[in-house]
Every structure is written in structure tokens, then in C-alpha cells.
Amino acid sequence: MAGQLKEVRNRIKSVQSTQQITKAMKMVSAAKLRRAQESITQMRPYAQKLQEMLSNIVSNLDGSMSLKLAEERAVEKVLFIVITSDRGLCGGYNANIIKLAKSTIAEKYPTQYKNGNVTVWNIGKKGFEAMTKAGYKTDATYKDIYLNLNFENVQAAAQAAMKAFENKEFDAVEIVYSEFRNAATQRFVAEAFLPIPKTPKKAGAKKSDFIFEPAKEELIAELMPKILNTQLYKAVLDGNASEHGARMTAMDKASENANELLKSLKISYNRARQAAITTELTEIVSGAAALQG
């Protein structure tokens, strides 16, 4: 009985220690989430408007002007930019992104994958480890971007993807990431990066008549790479905020589960203690009765 009490006491101490860690991690993630959320909420409207403007321009261009980054061709080689986190303990965040990347490849590009023509660039160590282990052709060049997250580092990855597309190393580029909604909700997205997607034309809609200043070719050549850099940077900021939100939620749930487990363990401890006391009293009474007899 004494051994059982000691075992329960040790489990209670262990759960209390774990709960202290999960509470501390929740507070750290909450502080980081606040900064990450400010960054993405300020960035998103600007990036979405730029992306919409670029799609509209590309959709309404006449045939006299060819754009390398909007060129649609037969898809033989595909690049996936998969944005995950460097660390775990954030619930199903990384697992859901990796699952979406695998399912998108299997559904949209089964032939290319079978022929070994699907390449994965990972931003975040967790995605790199999982995709490499699963047998995908991966590249670790940009996996450590989160160690020093800034626009210049993300821009380097975007420019490398654009250059590879222009040189026909890849015929399509897609981004897989998590779009931040709030601390408890993320939307997992796989969206086209290159060629630049066109806005679907609605029936009866009039063609937008843009006035270009300076010349159309000069303006688009200047704007297009900048808008694509911004699009990838927005996706990385979305992923950063989603990671901290998912970790904060996961640590909050872990702390709640620890509370429930502590309640259960304390009840078990009290029952075992009462049983031990009852046994000792019974032995004393039995001994006294034996002496009197």
C-alpha cells in the first residue's frame, strides 16, 4: 500500500511539472502570436489587393505582349513551396499542411510525381524532415528562413522560383501553407504561384480599360516580381502566425488535460490513503482484541 501511495505521489508531481511547462509555453506563444498577428493583419490587405490587380492586368492583356511569368505551358515539372514550422508541439498544424501537400501532388500531378518531376522546397524544418522521409525530392536551401524571418530572405526564395520558371526548370509552381484566421482557426491552402493565375471572366463583364503610365511593358516588368515577392512573404507571415496560434491553443488544451488528470490522481491518492489508514486501524483493533482474548 505504501508503494502504491508513493507511485501516485510521483505521478502527481510529474503532471504538475508538465503543467508548469505547458503554461509557460502558452504564455510565450501568446506573446509571439501578438506580434505575428499584427504583421499579417497589416500585410494581408495590401498583398491581396496587389495580387488581385496583377491577375486582372494579366487577364486583360492582349496577345501582342508575352509575359514569361504568365506563360501557360504543358506541365512536365512542378515545384511545391511547402511552408511549415521549425518546431513541434503545435497540435496538427504541421501534419495538416504535409497531408495537404501530399494529397495535392497525388490528385493534380500523379504522372509528374511518378516520373520524379515533382520538387519540394521547404520553408520550415518539420516539413523538410517529413517530405524527405516520405521519399519526395526536397531542397533544404530555404528551410531555415524562420531563424531570421525578414522580407529579404523570403524575397530570395521567390526570386529563385521565378528564375527557375523563366528558365523552364519548372512549368508550374504552387504554394502550400496555412492561412491565419484567429488563434484557434487556420485554413490550409494550396494555391498557384506561377504561372500567374488569371481572373475568371464573368459572362457579360466588360474588359477593364487600364491606362498605363509609364509604358505597359515597363510597368508590368517592374511590378510583377515585386507583387510575387509580396505574395510569398504574405504566405510565410500567415504560416508564422498560424504556428504560434496553433501552439498556444495546443498548450492551453494540454494544461486543461493536466488539470483533469490531477483531479483524477488526487482522488486515487486519497482513496489509497484512506484504505491504508483503515487497514492500519483494523490491524490495531485486531491486535488489541487478540491481547484481551
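The model is predicted. The salt bridges come to twelve in total, and a search of the whole structure gives five aromatic pairs.

**Salt bridges between distant parts of the chain**

- Asp 238 and Arg 44 meet through their side chains in a salt bridge, with an N to O distance of 2.5 Å.
- This pair joins helix 6 (residues 216-292), which holds Asp 238, to helix 1, which holds Arg 44, across 194 residues of the chain.
- Both Asp 238 and Arg 44 are buried.
- A network of salt bridges links Arg 44, Lys 234 and Asp 238.
- Lys 108 and Glu 174 form another salt bridge, and their closest N and O atoms are 2.6 Å apart.
- Here Lys 108 belongs to helix 2 and Glu 174 to strand 4 (residues 172-182), so the bridge links distant parts of the chain, 66 residues apart.

- Lys 226 and Glu 222 form a salt bridge with the closest N and O atoms 3.0 Å apart.
- The two residues are four positions apart in helix 6, which means that about one helical turn separates them.
- Lys 226 is partly exposed, with 46% relative accessibility, and Glu 222 is also partly exposed, with a relative accessible area of 47%.

**Aromatic pairs**

- Phe 80 and Tyr 109 form an edge-to-face pair, with 5.9 Å between ring centres and 80 degrees between the planes.
- Because Phe 80 lies in strand 1 (residues 78-83) and Tyr 109 in the loop between helix 2 (93-108) and helix 3 (110-114), the pair ties together parts 29 residues apart in sequence.
- Phe 80 is buried, with a relative accessible area of 0%, and Tyr 109 counts as buried at 8%.
- Elsewhere, ring pairs link Trp 121, Tyr 142 and Phe 170 into a cluster.

**Positive surface patch**

- Lys 32, Arg 34, Arg 35, Arg 87 and Lys 125 form a positive surface patch.
- Helix 1 (residues 2-59) supplies the largest share of the patch, three residues.
- Lys 125 lies in helix 4 (residues 125-133) and counts as partly exposed, at 30% relative accessibility.

Methods
Residues are numbered from 1 along each chain as its sequence is written. This is a predicted model: local features need pLDDT of at least 70, side-chain atom pairs count only at pLDDT 80 or more; totals for chains, interfaces and linings use all residues. Side-chain values use heavy atoms; hydrogens and water are left out. Patches are made of residues with over 30% relative accessible area and no salt bridge: like charges are joined within 9 Å, nonpolar side chains (Val, Leu, Ile, Met, Phe, Trp, Tyr) within 5 Å. Accessible areas come from the Shrake-Rupley method with a 1.4 Å probe; for residues, only the protein chains shown count as cover. A salt bridge is a side-chain nitrogen of Lys or Arg within 4 Å of a carboxyl oxygen of Asp or Glu. Lys and Arg count as positive and Asp and Glu as negative; His and the chain ends are not counted. The place of a charge is taken as NZ of Lys, CZ of Arg, CG of Asp or CD of Glu. Buried means under 20% relative accessible area, exposed over 50%, partly exposed in between (1.4 Å probe, protein chains only). Rings of Phe, Tyr and Trp (its six-membered ring) pair if their centres lie within 6.5 Å; planes under 30 degrees apart count as stacked, over 60 as edge-to-face and the rest as tilted.
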